[in-house]
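Let's take a walk through this model together. Have the sequence and the 3D view open as you read.

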Amino acid sequence: ITFDLPENAQVRLMVYDVSGRLVKTLVDRAVEAGSHVAEWNGTDDAGHCVQSGIYFYEMKAGAYHSQRQMTLLK
């Protein structure tokens, strides 16, 4: 998941399953301005592999908020 920040910001990037349950928190920290990549390896926060399927990721950075859909294929 790539994202660009025009200025330094507190960033939260989370992955949810189709039922809305939090699967994995990828980023939860202050991030400097610039281009960034957050990679999800298909595991949950406990380190267990999740099933193939549709997932959603949500990003919050300062006043910015976005939700997108992605497909995990194994």
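Which residues have the most contacts inside the largest nonpolar core? In this predicted model, they are Phe-3, Val-11, Trp-40 and Tyr-55, and the core as a whole has 18 residues. At least two core residues come from each of these strands: E1 (2-5), E2 (9-17), E3 (22-31), E5 (53-61) and E6. As general background, nonpolar side chains in soluble globular proteins tend to be buried together.

Leaving aside residues up to four places away in sequence, Trp-40 touches Val-15, Val-23, Lys-24, Leu-26, Val-50, Tyr-55, Met-70 and Leu-72. One of these partners, Tyr-55, is also on the list of residues with the most contacts inside the core.

Now turn to the strands. Four of them make an open sheet, running E3-E2-E5-E6 with antiparallel pairing. E3 and E6 sit at the edges, each pairing on one side only. On average, neighbouring strands in this sheet are turned by 15° against each other, direction ignored. Look next at E2 and E3, an antiparallel pair held over eight bridges; Met-14 stands opposite Thr-25 in E3.

Let's finish at the other edge strand, E6, which spans residues 64-72 and includes Ser-66. Is Ser-66 buried or exposed? Ser-66 counts as buried because its relative accessibility is 12%, and the cut-off for buried is under 20%. The side chain of Ser-66 makes a polar contact of 3.5 Å with the side chain of Tyr-64. Beyond residues up to four places away in sequence, Ser-66 touches Tyr-57, Glu-58 and Met-59.

Conventions
Residues are numbered from 1 along each chain as its sequence is written. This is a predicted model: local features need pLDDT of at least 70, side-chain atom pairs count only at pLDDT 80 or more; totals for chains, interfaces and linings use all residues. Side-chain values use heavy atoms; hydrogens and water are left out. Helices (H or I, at least four residues) and strands (E, at least two) are DSSP runs, numbered from the N terminus. Buried means under 20% relative accessible area, exposed over 50%, partly exposed in between (1.4 Å probe, protein chains only). A polar contact is a pair of N or O atoms within 3.5 Å; within protein, one must be able to donate a hydrogen and the other to accept it, and residues adjacent in sequence count only if both atoms are side-chain atoms. Contact means heavy atoms within 4.5 Å. A nonpolar core is a set of buried Ala, Val, Leu, Ile, Met, Phe, Trp, Tyr and Cys residues joined through side-chain atoms within 4.5 Å. Two strands pair if DSSP finds at least two bridges between them. Axes are lines fitted to C-alpha atoms, for helices over the stretch in contact, and angles run from 0 to 180 degrees between N-to-C directions.
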